[in-house]
Amino acid sequence: MDSKSVKEFIRKEVPDWDDELIATARFKAFSGQKSDWEPKFQFWKNLIVKIARHFGVFIISPPQVKNEWFNRGGLTPLCIDHVLFIMYNEGEITRISDMVGPYSGRITLLFYKVKSLMNRSTMSPESILLEDCLILTTLLKEKADEVIKCLSESHWNSHCVVTRNKFESMCGGQKEGYAVLSYLSGCRKGQYLSTNKKELIEGIKVSLSSAVVSGVSSLDFDTLHLIWTQEKLQQQLDVIDRRWEMSRQSALASLKSGNKKLALRHAKEMKLGTENREKCNSLLNRVEEVLSVIANVESTKQVTGAIQIGARVIKENKISIEEVQLCLEELDESIDSQKQVEKALEPAPSLDMEDEDIEEEFRKLELEIGSGNLKDLNPEAGVSDSEGTDQSLADALLNLKLADDAPGSGSAIQNSGLPAKNKESNSPMLEAA
């Protein structure tokens, strides 16, 4: 991270950063009650997280934060050590030395946990600035989710196996890969595995679903070996392509200078490189075919397992096949109905009409309005004459009043169990009125 870029970002995020009075108050050490320095603590904490998130890092160096990020003409914030110490105590940052080693066995993991608890009790604001790096736990979780999402886009199964080198490159480096794998191991979403095939091959098994990662099997080790071989072959292809291009450029330069003998030598190197590339590419294709078969087998296994679970559930709940078929048919009908509704809600396509056609339609509407034929103007929209509606309402109220005022009887609405809209035709009082 370039300090100049960080300072430019700070000035955008904090408009009053160069205000001397405000900066003097911010750069002072904490003192007094927590209520006095709580706003200042929140300011520095949020600013540290914003800077790290903007530049895509989750590991920060305390000396760099104090002496480079927040340096204003030689002045540095006196409270930054307390800010980091409070964040450490609240679990918002942690040290790499406190994290459980993901490449170790269970006994070593227990040792790491005990050591972490002992080291945490000896921490102080002064000692935290001596740390080489600190990990922002919130951004660590975000990075782990990002890695899992990236792996999910290229794998169809609920888990995947990748080489350690690829995993660390996705995380951003060796330290970053260590921290992310430590977090995933603690959540039981990732597991380290290694095998010896003439040389040490290391990999990571990652769960891509909400379930915890399953135990490592012999198939996982074989898959790791194939993936490692695939990456090695791809690297070899890249080297061959670079050498072929260099030989080509040298051959062209030799021809231009008139040295045909040297040009012929480079041409032979190009031919040899082409042959080697074909052999390497053939091996790579075979490895990729085997990996594809393994992935298809695992997918088929998952589908078969899902079918078996569904059959067991149907049997346990005593559901007949006819009921399942009926449910599926109803679901298909619901989907069809939904499609019809969506189609009906689609905007009507624009019609290409000439101006004369529009004027003719307008004249027809004028004639219908002039003749008083409003019933057919827009029957679907329920358009009617407002005056006729008002008169109908007035007549209905008058009839209702006459029925209520009739001697020796109660309300016409109360004396009948029929709906109110049928009162005019069924009530003898209204007929008398």
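1. Helix α10 lies across β5 and β6 and runs at about 115° to β5. Axes here are lines fitted to C-alpha atoms, for helices over the stretch in contact, and angles run from 0 to 180 degrees between N-to-C directions. Helices (H or I, at least four residues) and strands (E, at least two) are DSSP runs, numbered from the N terminus.

2. A word on provenance. This is a predicted model, where local features need pLDDT of at least 70, side-chain atom pairs count only at pLDDT 80 or more, and totals for chains, interfaces and linings use all residues. Residues are numbered from 1 along each chain as its sequence is written, and side-chain values use heavy atoms, with hydrogens and water left out.

3. The sheet is open, with 3 strands in the order β4-β6-β5 and antiparallel pairing. Two strands pair if DSSP finds at least two bridges between them. β4 (159–163) and β5 (190–196) are the edge strands, each pairing on one side only. Neighbouring strands are turned by 25° against each other on average, direction ignored.

4. β5 and β6 (residues 200–207) pair over 7 bridges, in the antiparallel sense. Within this region, serine 194 has glutamate 202 of β6 as its bridge partner.

5. Helix α9 also meets the sheet. It lies across β4 and β6, at about 95° to β4.

6. How do α9 and α10 sit, and at what angle do they cross? The axes of α9 (residues 164–171) and α10 (residues 174–186) come within 8 Å and cross at roughly 100°. The two are therefore roughly perpendicular, a label for 65 to 115 degrees; under 35 counts as roughly parallel, over 145 as roughly antiparallel and the rest as oblique.

7. Contact means heavy atoms within 4.5 Å. From α9, Arg164, Phe167, Glu168 and Cys171 meet Gln174, Glu176, Gly177, Val180, Leu181 and Leu184 of α10. That contact has 5 nonpolar, 2 polar and 3 charged residues. Ala, Val, Leu, Ile, Met, Phe, Trp, Tyr, Cys and Pro count as nonpolar, Asp, Glu, Lys and Arg as charged, and the others, Gly among them, as polar.

8. Helices α3 (residues 34–54) and α8 (residues 137–154) pack at an angle of about 25°, axes 10 Å apart. They are therefore roughly parallel to each other. Val49, Ala52 and Arg53 of α3 make the contact with Thr138, Leu139 and Glu142 of α8. These residues divide into 3 nonpolar, 1 polar and 2 charged.

9. Glutamine 236 is in helix α11 (residues 218–257).
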